[in-house]
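Dear colleague,

My notes on it follow directly after.

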Amino acid sequence: MTCTLENHRAELEALLSPVFASLDSEKLLADSPEANGRILSEDLYALLPIPAFTNSQMDGYAARSADLATATPQSPVTLPLGFTAAAGDRQITLAEGTASPVMTGAMIPLGADTVIPIEESSSGAFPDLVRAGRGTPSGNAEFTAPSESGRFIRLAGVDLEAGALVAQAGTRLTPTMIAALVSSGLREVPVRRALKVAVCTTGDELSDDQPSQGQIPDSNSPMLTAWLHQYQVQVRTLQLPDDPKRFALAIDALQEQVDLILTVGGISAGAYEVVRQALAPLGGAFHNVAIQPGGPQGFAQLPQAAVLCFPGNPVSALLSAELFLAPLLRKLNALPEPVSQHYPLAADVTSPGHKHQVRRAVIRGGLVEILDPGSHLVHDLARADALVHIPAGISQLIAGQQIETWSMNV
C-alpha cells in the first residue's frame, strides 16, 4: 500500500496528539538551566509589579519640579544636597527645598517628582555624597532649567501590575520570558513534563564498538538523540539484533518507561525485517509513502506508548524525522516553522515524477547545489545546509530556475 506525504503526516498527528495531550506537569525553578525551552502548563500571574517600585531611570538628582520652575541659565536655582539614594537602599524622604543625588535603579525619594540627569547640573559631576545613616550631607547642586514632573522616573507597575497575567499556559520559556517571570516574583513555575522517547535501532550489522567484518557503526542512535534534544526531549537508546522475540520483549518493557518509541530499520520488504515482524501482529501499520528517500514507514499504538517506525539508512532516518516528527514536535514546543528562501539552481536536476523527492543541498555563491539522493551517504548529509522539496508531478528542474530551500542545521 502506498500513501501520500500528507496522508502519512495526518496519520502520525492522529497517533501522537493524544500522547502529547497526556503529558502531565512538573515544577521547575524559573532560573534553572532546565527551564529554558520548556512549556508552561498553567497561566501565571505576577506576584510583584514590574518595576517592583518607583525608581530612577538616570544617575542624577531627585527633586521637586516646583522648586526648579524658575531656573534659567541667567538665573540658576541652587538647592542644598540631601541624602543620596543608591540602588538597593530603602526609600528616603526628600527634605523640602533640597535635591537628593539618586542613582539609576534607586527608589525615588518620597516627595520627589522629577529626576535631573547629572549631566544637566551646572557642575556635571557629583560632589561628595552621603547615604542615610552615614553622616550629614553638605554641598549644593545648581540647575539652569526646569524639570517637569515625572521626568526620568519609572513608575512601579508601569510594565506589569501585580496580579496581571504574565504568561499563558502553552507559552514557551525563552530567556526573556524567564526574566519576566523572575521579575514578577515567580521563582517556581509549572511546566509540561518533557516527552520521553526511546530510540531503538535494529540490525545484526550494527556495532557499538569496533565493527567486525560485515558490521557498521550505529550512527543512527547518536544522530537521532542529538536531533531530538533540540526539542526538549528526554532520550534513551537501545540497540537490538534481528530477533523478533527479543525485539518484542524489549518493546514491551520500553512502553512502560517512555511515551514514544522510535524504531529505526527493519520495516522494508526483506527477509529479516524485525520491526515489521514483531509489530504487525500487534496492529502495526506499514506502508510505502510516495517520497524519496524514506519510502518505507510504519507506526503502532501499544497499550502504553506510541511507536514510529523509520527506515534504517541514516539519510532516510533523519529525513523521516524532519518530514514527519519535526512538525509535531515544533507544535508541541511552540516553536516557529522554518523560514524558506529562494535561490537559483546551479545545475539541472531530475526527480521521479511519481514521488515527492527530498534532496539535500549546499548553498554556495548564491546558487543551490543539489547533492546525490543516495540514502546511505552520511557524509553528504553532514555537509548539507539546506533541504529542497521537489513535489510529485515534477520530473525535471532547469539550471537557473528559482527553487525554495529550507535551512538544515543538523
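The mean positions of the 25 positive and 41 negative charges of the protein lie 3 Å apart. Please bear in mind that this is a predicted model.

As to overall form, the protein has a radius of gyration of 32 Å, whereas a compact globule of 410 residues would have one near 22 Å. The C-alpha trace spans about 95 × 55 × 40 Å along its principal axes. The secondary structure consists of 7 helices and 28 strands. Of contacts between residues at least 6 apart in sequence, 71% join residues at least 24 apart.

Regarding the surface, the protein exposes about 19,700 Å², and carbon and sulfur atoms supply 52% of that area. Of its 410 residues, 45% count as buried.

In helix α2 (residues 175-183), the buried residues are M177, I178 and L181. Seen down the axis of α2, these buried residues fall within an arc of 105°, and therefore line one face of the helix. Their cover includes the strands β3 (44-45), β11 (165-167) and β12 (188-192). The exposed residues P175 and T176 sit on the face of α2 turned away from its buried side. After α2 comes G185, which has a positive phi, near 90°.

Helix α3 (residues 220-229) is mostly covered, with 7 of its 10 residues buried. The buried residues of α3 are N220, S221, M223, L224, T225, W227 and L228.

With kind regards

Note on methods: Residues are numbered from 1 along each chain as its sequence is written. This is a predicted model: local features need pLDDT of at least 70, side-chain atom pairs count only at pLDDT 80 or more; totals for chains, interfaces and linings use all residues. Side-chain values use heavy atoms; hydrogens and water are left out. Helices (H or I, at least four residues) and strands (E, at least two) are DSSP runs, numbered from the N terminus. The radius of gyration is taken over C-alpha atoms; the globule rule is 2.2 Å times the number of residues to the power 0.38. Buried means under 20% relative accessible area, exposed over 50%, partly exposed in between (1.4 Å probe, protein chains only). Contact means heavy atoms within 4.5 Å. Accessible areas come from the Shrake-Rupley method with a 1.4 Å probe; for residues, only the protein chains shown count as cover. Lys and Arg count as positive and Asp and Glu as negative; His and the chain ends are not counted. The place of a charge is taken as NZ of Lys, CZ of Arg, CG of Asp or CD of Glu. The arc is that of the directions from the helix axis to the C-beta atoms.
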